[in-house]
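Visitor: I would like to learn how to read the packing and the charged pairs of a protein model. Could you take me through them one at a time?

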Amino acid sequence: MQLTQEPKKVIRSGQFQESKFKIEASSKAFQILSSKLYSDEYRAIVRELCTNASDAHAVAGIQDPIVVNCPTHMNSTFSVEDFGSGIDPSEFEKIYTTYFYSTKTSSNTEVGCFGRGSKSPFAYTQQFTVENSFGGIKYTYTCFINENGEPSVTLLTQSPTDKSGVKVSFPVKREDFYKFQNAIDNVLQWFDITPKCNITITNNSFTG
């Protein structure tokens, strides 16, 4: 999504020394960006990951719904899967390790643009898995908080595949099942194309 930024004219008086503000990369900064900005981490995770997946379908021209798994006693994993084009491996690491970097800043057909959505699982978990199917290869990554408290990503495996797309998943604690179920229903009912899910989603979307 393109953000409107009006150019600003600054009038300076004299030759004063000027220093720009900076952000120091530290575990504290990453913690704030990963979790402290969300008032409701469950809804935020569902919204961010499902929006990314829906954007992938929109770019690829896919009308089929994305697939969401709500954690249950039968399967405690929360996951979001799309069947878009996947992510070029040369871009993957930059997308997942660079805050405020986004591939969507020049597009108005996609919702995201702040470069935080892919990192949103860190608001709940210390580790999550990303299966990225691109160009006939499935790349399986683990994203985790390292010993210095900083987000990191590691490529675990590569294997041939006839699919494309991205699947993000992580285990959920039993006591949080209902929180994710409630977040899924509250967030996804407003999507234009209701995601396919293992629980019933109330459909109140504005489709005209």
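**Core and charged pairs**

Guide: In this predicted model, the largest nonpolar core has 39 residues, and the members that touch the most others are Val 68, Phe 78, Tyr 96, Ile 184 and Leu 188. As a general idea, nonpolar side chains in soluble globular proteins tend to be buried together.

Visitor: Which helices and strands each supply at least two residues of this core?

Guide: The helices are helix 2 (41-60), helix 3 (89-97) and helix 4 (177-188), and the strands are strand 2 (77-81), strand 3 (127-134), strand 4 (137-145) and strand 6 (165-171). Helix 2 gives the most, with seven residues.

Visitor: What does Ile 184 touch, not counting residues up to four places away in sequence?

Guide: With those sequence neighbours set aside, Ile 184 touches Val 46, Val 68, Cys 70, Phe 78, Gln 189, Cys 197, Ile 199 and Ile 201.

Visitor: How many salt bridges does the structure hold?

Guide: In general, side chains of opposite charge can pair when their charged atoms come close. The structure holds four salt bridges, including one between Lys 179 and Asp 176, whose closest N and O atoms are 3.4 Å apart. Another joins the side chains of Glu 48 and Arg 47 at 4.0 Å, N to O.

Visitor: Are Lys 179 and Asp 176 buried or partly exposed?

Guide: Asp 176 counts as buried because its relative accessibility is 6%, under the 20% cut-off, whereas Lys 179, at 39%, counts as partly exposed. In the other pair, Glu 48 is buried at 18% relative accessible area, while Arg 47 is partly exposed at 37%.

Notes. Residues are numbered from 1 along each chain as its sequence is written. This is a predicted model: local features need pLDDT of at least 70, side-chain atom pairs count only at pLDDT 80 or more; totals for chains, interfaces and linings use all residues. Side-chain values use heavy atoms; hydrogens and water are left out. A nonpolar core is a set of buried Ala, Val, Leu, Ile, Met, Phe, Trp, Tyr and Cys residues joined through side-chain atoms within 4.5 Å. Buried means under 20% relative accessible area, exposed over 50%, partly exposed in between (1.4 Å probe, protein chains only). Helices (H or I, at least four residues) and strands (E, at least two) are DSSP runs, numbered from the N terminus. Contact means heavy atoms within 4.5 Å.
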